[in-house]
Each structure stands twice: as C-alpha cells, then as structure tokens.
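Welcome! Please take a look at the sequence and the model below, and then read on for a short tour.

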Amino acid sequence: MSEIKYLPGKEPHPRETRSVFKNVDREGWDQSIETYIADGGYEMQKKAYKMTPDEIREEVKTAGLRGRGGAGFPAGVKWGFLPPNNEKPVYLICNADESEPGTFKDRYIIHQDPHQLIEGMAISCFSVGAHLAYIYIREEFPEGAQILEKAIEEAHAKGFLGKDILGTGFDLEIYVHRGAGAYICGEETGLIESLEGKRPYPRIKPPYFPAAMGLYLCPTIVNNVETLCHVKHIMQMGGEEWSKTGKPNNTGTRILCVSGDVVNPGYFEVQVGHVTMGELINDMCGGLKDGRKLKAVIPGGSSAKVLRADETFKIGKGDDEKEIDIWDIPMDFDTLAACGSMAGSGGVIVIDDSRSISWVLNNINNFYAHESCGQCTPCREGSLWMKKITDRVVKGQASPDDIDTLDAVARNIDGRTICAFGEASSWPTESFIDKFKDELVADTSEDYEGVAVNAERELAAAGLK
Amino acid sequence: MTLDVPAELEKEIDERITHYPVSKRSAVLPVLHHLQHHFGYISNEAVEWTAAKLELEPIKVLEVVTFYPGFRQTAPGKYHIRVCRTLSCAMAGSYELMESICEKAGIDRSGVTHHDPIAVSADGKYSIEFAECLASCGTGPVCLVDDDFHEKVEDVDALLKQYQ
Ligand SMILES: Cc1cc2nc3c(=O)[nH]c(=O)nc-3n(C[C@H](O)[C@H](O)[C@H](O)COP(=O)(O)O)c2cc1C
Ligand code: SF4
Ligand code: FES
C-alpha cells in the first residue's frame with residue numbers, strides 16, 4: 001500500500017494533517033491485522049521494545065504530548081508520577097468511554113483502526129511496566145467492543161500480545177471492558193471504581209491519584225484512546241521531531257469534531273493551533289447554513305464554557321498581547337484557555353442565531369442532571385435544580401429572579417465537589433449567564449413569582465421563618 | 001425461582017470472568033451484560049445468580065443494576081430503540097425523531113419517569129428510551145436499535161421496516 005486514497009466524498013480536507021486518522025475512511029482499508037501489518041503496523045512496537053522503558057517515556061515527554069481526553073495533561077509527565085521502587089503491579093487503562101457531548105473521534109479509531117490503538121497501548125504498557133491493561137469502552141459501542149476483541153485475538157496470534165512478546169520476556173494481556181451507559185465512567189477514578197465492579201463513584205484526589213493509587217489501589221495510568229495512539233507516532237517520528245508539529249506547548253495533531261449548525265459537520269485532524277475557529281467553521285465545515293449568523297460556540301465538549309460570537313478575546317502576553325475576535329482564535333489548548341474556555345475533548349458545537357439560548361442551556365442541564373453520580377450534595381442537588389429552573393424558563397414559567405437563583409446555584413457547585421463533574425456541570429450555566437443573561441431573562445416573565453420568593457412564603461406560612 | 005442459564009452462556013460467562021484475575025467482582029458488569037443480552041433485562045433472579053457466581057452479596061449487584069442506565073429491570077420490546085437526546089442531536093431533530101417513532105410504532109411515553117425510562121409498544125414489538133450522547137454528534141439524529149447504530153435518521157418507516 002503506497003499511495004493513500006480515501007473513500008469518495010470522505011477525503012480529508014487539504015488543511016488536515018492525518019496521522020492518528022490516517023486510515024480512517026481509507027480506500028481498501030479494513031480492520032484486519034494483515035492490512036495493518038502490510039502498512040507497516042507493529043513495527044513501532046518492535047522498535048520500542050528494543051528501547052528501555054525510561055527512554056520511551058522520555059520520548060513521550062520530549063514530544064510534549066498532552067492528553068486528548070479533556071484535561072490536556074502531559075502524558076509523559078503523568079507516566080513519571082508512577083512511584084519509584086514500586087513493588088505492586090502497574091495497570092494501564094485506555095479510556096474509551098467517549099462520553100463528553102460533542103465528541104466523536106475515538107469511535108472512528110476503534111471501529112476502523114483498532115490495531116493502531118493496540119500497538120499504542122502495547123508500547124505504553126512496556127514503558128510504564130504494565131502487564132495487564134483494560135480498554136474501558138462505553139456500552140453504546142457494541143460493535144466497537146467486538147472489533148477490539150477480534151483485534152486483540154489477532155495480535156495475540158501473531159505474538160504482539162501475550163507471553164514473552166517479541167522475545168523480550170515482556171508479558172502483556174489486554175482485555176476489553178464494557179461500561180453501561182453512565183457518563184461519569186469517563187472520569188478516571190469513576191472509571192476505575194466501575195472496572196472494580198462497583199457504582200462509578202469518583203474517588204477524592206488526593207490521595208487517589210490513579211498513578212499512585214488506582215485500580216485495586218495499585219499504580220495505574222489512564223489515558224484516552226487518541227493519546228495512546230499518538231504514542232505510536234511519537235516512536236515513529238521521535239519525540240523531538242514530533243514536538244515540532246503543532247505549536248509550542250500545544251504539540252502534535254489532534255482531532256476536532258464539529259457538530260451543530262454548520263453545513264458539513266465532521267471530524268478533522270489538524271496540527272494543534274494551525275487552524276482558527278473561522279477556518280474550521282467556514283473553510284472546513286462549509287460555513288453556517290444559508291442566511292444564518294453565528295451566535296455562539298462551545299469549543300471543547302459541552303462542559304466547556306461557551307464563547308459568544310461578538311465578544312473579543314485578549315490573548316498572548318507582554319509584547320505579543322492582542323485582541324482578537326472569535327473567528328481568529330487558533331484552536332489550541334493555551335489559547336482557548338486564555339479565551340476563558342478550554343480545548344477539552346475537541347468537540348466543537350456551533351450554535352447559530354436560529355437557536356434559543358434557553359433551549360440550548362436547558363438541553364445541556366438535562367444532561368448533567370441525568371448524569372451526576374449523586375455523591376456530592378452540591379452536584380447532585382445543584383445539577384437537578386439548574387435543570388428544573390431552565391425547564392421552567394423554556395416553558396415560559398420562570399420569573400426574572402430565577403436567573404439569579406440559577407446563577408447562584410451554579411456558582412455553589414464548582415470547587416465544592418469530589419470530581420471535575422462539578423465544574424463540567426456548572427460551567428455551561430455560569431458562562432451562558434455571563435454571556436447571554438439578557439436573552440435568558442427575556443424568556444422569563446414578571447408574572448411568575450420566583451421559587452425563592454415562594455419558598456420564603458411557604459416557610460413563613462409554616463412558621464419556620 | 002432460579003435463573004435458567006444455558007450451559008453455553010455460562011461457559012462464555014466463566015471465560016469472561018478469567019479476564020479479571022485480580023478480583024472477580026470486576027466481572028459484575030460483563031456478567032450482567034451477558035445476562036441482559038440473553039434474557040432482555042435483569043430480573044431479581046439474574047441479580048441473585050450473578051451474586052452467587054461472583055461470591056458477592058446480592059446488594060452489591062443490585063446497586064450496580066440500579067445505577068447504570070445501560071441495565072434494565074423490566075422487559076423491553078422485541079426490538080429496543082435508544083434515541084440520542086443530547087444537544088447536537090436535539091439540534092438535528094432528535095426530539096422530533098422520538099415523537100415520530102413513537103407514533104409509528106404505537107408507543108405511549110406518557111408514563112415514562114427517570115426510574116422507569118422505557119416505554120413499550122402495545123404489541124410488545126418495540127420499546128424505546130432516550131439515551132444521552134451516543135458519540136456521533138456530527139451525524140445526528142442518531143439512534144441504536146439493539147446493537148445496530150443508525151445515523152442521520154430521517155425515514156422512520158424505513159427504519160422500523162428493518163425490524164419486524
Ligand atoms: C465528568 C468527566 C468525564 C470525562 N469523560 C472522559 C471520556 O469520556 N473520555 C476520556 O478520555 N476522558 C474523559 N475524562 C477525563 C479523564 O478523567 C482523564 O483525565 C483522561 O481519560 C486522561 O486521559 P488523557 O490524559 O490521555 O487525556 C472525563 C473527565 C470528567 C471529569
Ligand atoms: S461532582 Fe458530581 S459526579 Fe463528581 S463525585 Fe460529586 S456528585 Fe459525583
Ligand atoms: S449529541 Fe447525539 S451523538 Fe452526541
């Protein structure tokens with residue numbers, strides 16, 4: 001297989017740099033190990049297994065690979081958190097929960113190029129010293145789970161997994177573990193609890209940082225599917241070369257998933273920071289629908305703070321400081337953080353001027369109310385309360401001061417919970433109120449008395465106040 | 001009442017348990033998946049059976065069944081449909097899709113609650129529920145019918161025709 005061709009109508013956009021997605025929608029490609037090997041597959045595992053585990057980790061560190069699951073934490077640094085002189089077993093878990101709304105990238109790797117993930121995992125396991133690894137895959141990918149199991153079987157038969165791999169004496173088993181439809185299983189400690197056969201209640205950090213105390217209270221590395229695939233490409237290019245792609249501190253390529261109000265939604269693998277929001281929406285996704293104007297963008301999965309179409313953002317420091325509009329935001333971790341949001345999981349949701357902001361926020365609040373695990377009072381009660389308020393707003397049954405209550409509820413969640421779901425659930429509401437308060441208030445009516453007022457009256461009537 | 005688990009299925013389950021050499025309890029989800037796939041839902045007997053198999057108190061299994069939306073405690077229809085409800089699909093018309101399927105399949109969702117999210121058609125052929133983001137937000141509205149994934153669902157008649 002020399003020249004790479006893609007299926008008609010599914011060709012990558014010229015601005016893309018395909019690495020992890022090289023084989024997605026590729027003509028003549030299938031999921032079999034023969035196809036993968038004919039294309040140079042498993043060569044990087046052979047190369048890596050001739051290196052020392054520390055050398056591999058150093059390459060990953062030098063590459064500057066930041067996690068693609070949401071938080072953007074450097075993978076090599078995370079691996080370095082494994083306790084020195086550790087005598088317990090080490091586990092590696094691939095996070096294939098892909099549950100952040102707006103994100104649909106791991107799906108294609110799993111369904112179309114499973115061996116790439118297995119090779120990435122085999123290299124990573126060798127580096128961190130894990131002999132047992134799990135792929136935690138969401139239950140809603142039943143076909144994906146089967147494809148992965150078949151691929152693991154094939155890799156076993158060829159000696160890329162199992163005992164004494166490639167004559168190195170290194171043993172590794174990878175198993176597929178299916179979730180059961182709960183978003184919180186994407187959170188790494190919730191995932192670990194789930195893999196232990198329990199309710200996926202996230203653990204408090206510290207002390208339960210997985211690298212120190214993870215699965216079965218042993219050191220555990222949890223990485224996203226895309227992150228683990230990149231490890232293979234780092235072996236191929238070398239950390240130094242890899243680090244020259246993308247942008248300093250935002251290195252490599254990443255997959256952006258665009259959904260919502262654009263002409264051609266889709267997935268695009270780009271060098272991090274090399275395309276702007278405007279190029280992504282207008283050039284790569286065919287722009288907005290006829291006659292529509294941009295209203296807002298959620299840039300990194302539904303938990304990311306919303307950006308308003310007409311705001312300006314200050315980015316850069318010192319002499320490099322400048323003010324830009326939404327179209328000119330380069331899609332990288334640091335810039336999106338500087339704009340007050342986050343690159344998150346790469347899921348970009350575009351909202352045009354035909355949408356009601358109250359309706360959008362209410363849809364998001366319904367999600368978080370449904371998915372809170374219920375351990376922490378602010379999150380459990382707050383996420384439901386936020387949903388109840390926006391339910392009333394969309395029904396035209398809210399009073400203007402309900403929006404203040406909504407704001408107060410949201411701001412009493414984040415920072416007060418066990419896991420980052422607290423932020424994930426409250427940031428949408430906080431940012432929608434920050435940016436679109438007028439519209440939310442306009443959807444309320446003076447005729448409705450706020451719940452807060454009613455509650456006070458009830459308390460008074462009951463003689464409690 | 002005990003659960004009538006065919007020998008072949010039990011063999012598969014036993015093999016699956018070996019994937020968790022450190023702790024059998026880790027096999028709770030996979031065992032339940034096998035049982036739900038075979039029986040359609042998780043009955044009390046299935047909870048007891050799983051608990052006995054994995055040497056756990058039944059409550060440790062029940063608490064898992066009641067937490068995860070992927071496990072059902074009531075019988076679904078012959079075909080079970082899950083329509084994505086989340087933002088990108090909702091923007092692409094998933095609520096309308098839900099209505100249309102219900103109308104054509106003869107399903108009444110008025111009694112649906114958080115704890116009992118599944119509605120079954122009068123003839124028992126179809127059941128339906130909303131699911132949260134199915135990770136295909138660019139091709140909404142999407143739904144799962146049993147294990148089959150459907151994207152950009154527009155023609156409900158054609159969809160239902162595949163499942164008779
Ligand atoms: C509520 C919540 C949901 C998450 N869902 C996912 C997910 O679906 N997939 C994922 O890879 N990471 C998810 N994460 C991030 C993980 O906790 C973890 O940081 C990540 O898997 C680490 O991998 P990475 O360093 O390769 O990004 C989630 C985090 C939170 C707080
Ligand atoms: S923040 Fe929410 S999801 Fe996270 S542990 Fe607390 S209740 Fe559970
Ligand atoms: S919103 Fe429906 S698949 Fe993501």
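Ligand 1 sits in the second largest pocket. A pocket is an open set of points on a 1 Å grid over the protein atoms alone, with protein on both sides within 12 Å along at least five of seven lines, and a molecule sits in one if more than half of its atoms lie within 2 Å of its grid points. This is a predicted model, in which local features need pLDDT of at least 70, side-chain atom pairs count only at pLDDT 80 or more, and totals for chains, interfaces and linings use all residues. Residues are numbered from 1 along each chain as its sequence is written, chains are lettered from A and ligands numbered from 1 in the order in which they are written, and side-chain values use heavy atoms, with hydrogens and water left out.

Gly69(A), Asn95(A), Asn223(A), Asn224(A) and Thr227(A) come nearest of the 17 residues around ligand 1, where being near takes a heavy atom within 4 Å. Strand 5 of chain A (residues 220-224) gives the largest share of this shell, three residues; strands are DSSP runs of E, at least two residues long, numbered from the N terminus.

Here are some polar contacts of the ligand, that is, pairs of N or O atoms within 3.5 Å:

| Residue | Protein atom | Ligand 1 atom | Distance |
|---|---|---|---|
| Arg68(A) | backbone N or O | oxygen | 3.3 Å |
| Asn95(A) | polar side-chain atom | oxygen | 2.9 Å |
| Gly186(A) | polar backbone atom | nitrogen | 3.2 Å |

Taken alone, ligand 1 exposes 610 Å², and the protein buries 90% of that (Shrake-Rupley method, 1.4 Å probe).

Definitions and conventions: Polar contact = N/O pair within 3.5 Å; in protein donor to acceptor, adjacent residues only side chain to side chain. 1 Å grid on protein atoms, 1.4 Å probe; cavity = no way out; pocket = protein on both sides within 12 Å on 5 of 7 lines; lining within 4 Å. Helix = DSSP H or I, 4+ residues; strand = E, 2+ residues; numbered from the N terminus.
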